Amino acid sequence: MMKRILLTGLLVVLPLIFVSAQFTYGTTGLMHAPTADMQQDKTFMFGGGYINNDALPNRWEYSTWNYYVNITAFPWLEVAYTCTIFDEWIDRGAPIHMKNQDRFFSGRLRLWKEGWWKEWTPQIVVGANDVLHGSDEGGKIGAVEGSSENGNTFFQRYYVAATKHLSLYGKWGLHVSYVYSKRIGHRYNGFAWGVDYTVDLPEVNTLNKLMNGINLMLEYDSRGINIGGKYSIWKDHINLVGELRECRHPSIGVYFKVHLK
């Protein structure tokens with residue numbers, strides 16, 4: 001009973017008290033809406049978490065777990081590899097739970113750096129997730145059968161995103177993007193937007209230092225409104241992330257960040 005109470009408390013509190021990793025995709029962003037934020041040059045991230053089935057493609061009729069690795073090789077290029085666990089059905093019998101996993105690559109390319117021309121000009125990034133497709137029966141890489149509409153590109157999407165940062169009683173990120181996907185049952189098409197706020201207090205005492213780990217998020221991902229955020233435990237090296245999909249379906253995760261230079 002006590003374990004259930006503690007788990008419920010974590011699911012409710014973490015999303016409400018936490019620029020972060022988009023742990024559904026394993027890339028930089030808000031929760032589902034893309035942003036033009038980029039990590040520091042030569043940043044390596046790895047993490048994973050519990051994902052509510054309402055945040056997943058229609059391949060999953062249940063909540064599950066994922067894990068990913070991510071590297072920003074240059075200040076303008078980010079690449080990620082993400083695995084999402086799924087049940088495997090044998091001859092239409094009972095499922096073998098957590099038996100297999102869906103795997104996909106993601107990439108993000110910065111086209112324009114914030115403030116390059118004028119101080120007010122935003123940063124612009126293009127990106128894609130899960131674009132190597134195959135049939136429902138075969139693997140993704142090298143397969144030519146099937147369609148990205150109904151094959152195994154469950155997390156497929158393409159996007160262009162713009163981000164502008166402001167300082168006003170903390171650090172604000174304003175984000176707008178256009179998302180396109182042909183994926184049936186998990187289609188993101190149209191404009192998305194979001195805002196995130198990072199507490200930025202003078203570190204004159206322990207309380208202020210603890211508060212500065214908070215990053216809150218609100219987004220419209222072209223399908224619905226989500227809230228959540230991040231809490232940085234130790235100098236952005238260990239980060240807790242959480243969301244309430246459509247403001248009611250909880251997912252939580254953790255990721256670790258290392259700067260290789």
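Me: Where is Glu246 found, in a strand or in a loop?

Reply: This is a predicted model. In it, Glu246 is found in the loop between strand S13 (238–245) and strand S14 (249–259).

Me: What is the phi of Glu246, positive or negative?

Reply: Start with the general idea. Most residues other than glycine have a negative phi. Here, Glu246 is not a glycine, yet has a positive phi of about 55°. Glu246 counts as partly exposed, at 34% relative accessibility.

Me: Which loop holds Ser222, and what is its phi?

Reply: Ser222 is found in the loop between strand S11 (214–220) and strand S12 (225–232). Ser222 is not a glycine either, and has a positive phi of about 90°.

Me: Why does Ser222 count as buried?

Reply: Buried means under 20% relative accessible area. Ser222 has 11% relative accessibility, so it counts as buried.

Me: Where is Ser181 found, and what is it in contact with?

Reply: Ser181 is found in the loop between strand S9 (171–180) and strand S10 (190–198). Ser181 counts as buried, at 1% relative accessibility. Leaving aside neighbours within four places in sequence, Ser181 is in contact with Gln156, Arg157, His186, Arg187, Tyr188 and Asn189.

Me: How many helices and strands does the protein have, and how many of its residues count as buried?

Reply: The secondary structure comes to 2 helices and 14 strands. The protein has 261 residues, of which 47% count as buried. The protein exposes about 13,500 Å², and carbon and sulfur atoms supply 64% of that area.

Me: Which strands does S3 pair with?

Reply: In a regular strand the side chains alternate between the two faces of the sheet. As for pairing, S3 and strand S4 (residues 64–74) run antiparallel and are joined by 9 bridges. One of the partners in S4 is Thr72, which is bridged to Thr43. S3 and S14 also run antiparallel, joined by 8 bridges. In S14, Val258 is the bridge partner of Phe44.

Me: Which residues touch the most other members of the largest nonpolar core?

Reply: That core has 24 residues, and Trp60 and Phe155 touch the most other members. Strand S3 (43–51) and strand S8 (157–167) each supply at least two residues of this core. Not counting residues up to four places away in sequence, Trp60 touches Asn53, Thr84, Ile85, Phe86, Asp102, Phe154 and Phe155.

Me: How far apart are His249 and Asp54, in sequence and in space?

Reply: His249 and Asp54 are 195 residues apart in sequence, and 6.8 Å apart in space, C-alpha to C-alpha. His249 is found in strand S14 and counts as buried, at 15% relative accessibility. Leaving aside neighbours within four places in sequence, His249 is in contact with Asn52, Asp54, Glu243 and Leu244. The side chains of His249 and Arg248 are joined by a polar contact of 3.3 Å.

Me: How many disulfides does the structure hold?

Reply: A disulfide is a pair of cysteine sulfur atoms within 2.5 Å. The structure holds 0 disulfides. Cysteines can still be read by their accessibility: Cys83 is buried, with a relative accessible area of 3%, whereas Cys247 counts as partly exposed, at 40% relative accessibility.

Methods: Residues numbered from 1 in each chain as written. Predicted model: local features only at pLDDT ≥ 70, side-chain atom pairs only at ≥ 80, totals over all residues. Heavy atoms only, no water. Helix = DSSP H or I, 4+ residues; strand = E, 2+ residues; numbered from the N terminus. Buried < 20%, exposed > 50% of the residue type's maximum accessible area, 1.4 Å probe, protein only. Areas by Shrake-Rupley, 256 points an atom, 1.4 Å probe, with all protein chains shown as cover. Core = buried A, V, L, I, M, F, W, Y, C linked by side-chain atoms within 4.5 Å. Contact = heavy atoms within 4.5 Å. Polar contact = N/O pair within 3.5 Å; in protein donor to acceptor, adjacent residues only side chain to side chain. Pairing = 2+ DSSP bridges.
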